[in-house]
Amino acid sequence: MINNRIGTYENHTIGNETYRSYIPHTLPPQPNIDLSKLSLKLEKANQAVGELNAIAKSVPNSSLFVYMYIREEALLSSRIEGTQSSFSDLLLFENHQKPDIALDDVEEVSNYVKALTYGLDQLKAKDGLPLSLRLLCNIHRILLQGARGASKQPGEFRVTQNWIGGTRPGNALFVPPAPERLMEYLGNLEKFVHNKDFDNLIIIGLAHAQFETIHPFLDGNGRLGRLLITLMLCERDILIEPILYLSLYFKKNHQLYYDLLQRVRIDGCYEVWLEFFLDGIWYSAKQAVSTIAQLNFLFEEDLKKINALGRVRYSCIKVWEYIKRLPQVTVPSLAKIKDLGMTAPTIRNCLDILDLLRKSFRLL
Ligand SMILES: Nc1ncnc2c1ncn2[C@@H]1O[C@H](COP(=O)(O)OP(=O)(O)OP(=O)(O)O)[C@@H](O)[C@H]1O
Ligand SMILES: [Mg+2]
């Protein structure tokens, strides 16, 4: 039987040091994935994603959840490599108010939001790009603009050797394929992301591992690889809104995550990686369902209280709708908003009243 699960290596020499770069196999793996080991986890993961879609459809303000979720993911995804910005820093930055921390950090998080939004828009637009290498490069360019890795050829596949762990290829933990081999694997990956022979989640899990193995960019492969999971979930219509993210799961289990990617390369252990990946989908979908349910409950409670206020409720609702999206406001900043059309004293009065009911904002 053909066995193309375990890659091979090729030797290179720099100066008087030799290193081995990895030569992976193309997807799908042969022998085929043993689905009997995965069926239970696959079913659980698909069910949890179904629940998430159902709750996303049923909440009245799903765009608010999407807004918050994309931003939370951006923070988590960037924090994997130590970016320090917080949720409020990001909101302040996006609303042209200056946060108290290094702008580079917030810029990276903000780029993630922009890059994901761009990718989703392209997939939706009639004349937009399909899921393709060109789309990946465009997303990568946005992701790295003015942020971590900005000097490392944003939007362009690497033409030099990179490595993972260590200070040079010679002492690295893993050396991805040599640059001249990239296009063969990228071409295969581009084709594979449209594969329909396996369950969607299996395809996405395999594509993620292969993307990280190819490591086609000089930097940002982690961020783009995680973003790609959500993009593929949406592209395949498994997810109706971009509200499922694995970053927190990968972050919590980062050593295992790295080890399992490495085991795919060394032992061809795709099933063990896929089990981990499917658990991650299940865990993240359940988390999202619970957060949305909690937020929705709190918003409903708030609204009940505001509605019981008497005439002042009309202005309070307007302010409340606004600060649900942007919780850090001041009287002058709200007074400037034409859509609100309210005077500073009215705004101050509303904020004082809402202050008493603000438990839903604290959660954000
Ligand atoms: N020790 C390791 N073993 C296996 N894979 C690793 C290891 N360290 C990193 N990786 C993979 O490489 C990615 C990081 O690659 P790169 O630095 O190009 O991307 P990034 O977006 O800057 O990083 P990050 O994921 O930290 O945000 C990780 O997300 C992971 O997938
Ligand atoms: Mg990096």
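Predicted model: local features only at pLDDT ≥ 70, side-chain atom pairs only at ≥ 80, totals over all residues.
Two packed helices are described by the angle between their axes and the distance between the axes. For helix α6, which covers residues 182–192, and helix α7, which covers residues 200–214, the axes come within 11 Å and cross at roughly 165°. Because angles over 145 degrees count as roughly antiparallel, α6 is described as roughly antiparallel to α7. The crossing in which α6 passes α7 is left-handed. On the α6 side, the contact involves Leu182, Tyr185, Leu186, Leu189 and Phe192, and these meet Ala207, Gln210, Phe211 and Ile214 of α7. Sorted by class, the residues in this contact of α6 with α7 comprise eight nonpolar and one polar, with no charged residues.

Helix α7 also packs against helix α11, which spans residues 270–307, and here the axes lie 10 Å apart at an angle of about 115°. That angle makes α7 roughly perpendicular to α11, and the crossing of α7 with α11 is right-handed. From α7 the contact draws on Leu201, Ile202, Gly205, Leu206, His208 and Ala209, while α11 contributes Tyr270, Trp273, Leu274, Phe277, Leu278 and Ile281. The residues of the contact between α7 and α11 divide into ten nonpolar and two polar, and no charged residue is among them.

The largest nonpolar core of the model consists of 72 residues, and those with the most contacts inside this core are Leu52, Leu244, Leu278, Ile281 and Ala285. Helix α11 gives the most to this core, with twelve residues. Leu278 and Ile281, both named among the residues with the most contacts in the core, also belong to the α11 side of the contact with α7. When residues up to four places away in sequence are not counted, Leu244 touches Val49, Leu52, Thr230, Leu233, Leu239, Ser284, Ala285 and Ala288. Another core, of seven residues, lies apart from the largest one, and its members include Cys316, Val319, Leu334 and Ile347.

Lys44 and Trp282 are separated by 238 residues in sequence, yet their C-alpha atoms are 6.6 Å apart in space. Lys44 has 16 C-beta neighbours inside 10 Å and therefore counts as partly exposed, since a residue is buried with 20 or more such neighbours and exposed with 12 or fewer.

Notes. Residues numbered from 1 in each chain as written. Chains lettered and ligands numbered in written order. Axes fitted to C-alpha atoms, helices over the stretch in contact; angles between N-to-C directions. Helix = DSSP H or I, 4+ residues; strand = E, 2+ residues; numbered from the N terminus. Parallel < 35°, antiparallel > 145°, perpendicular 65-115°, else oblique. Left-handed = near helix turned anticlockwise from the far one by under 90°. Contact = placed C-beta atoms within 7 Å. Nonpolar A, V, L, I, M, F, W, Y, C, P; charged D, E, K, R; others polar. Core = buried A, V, L, I, M, F, W, Y, C linked by C-beta atoms within 7 Å.
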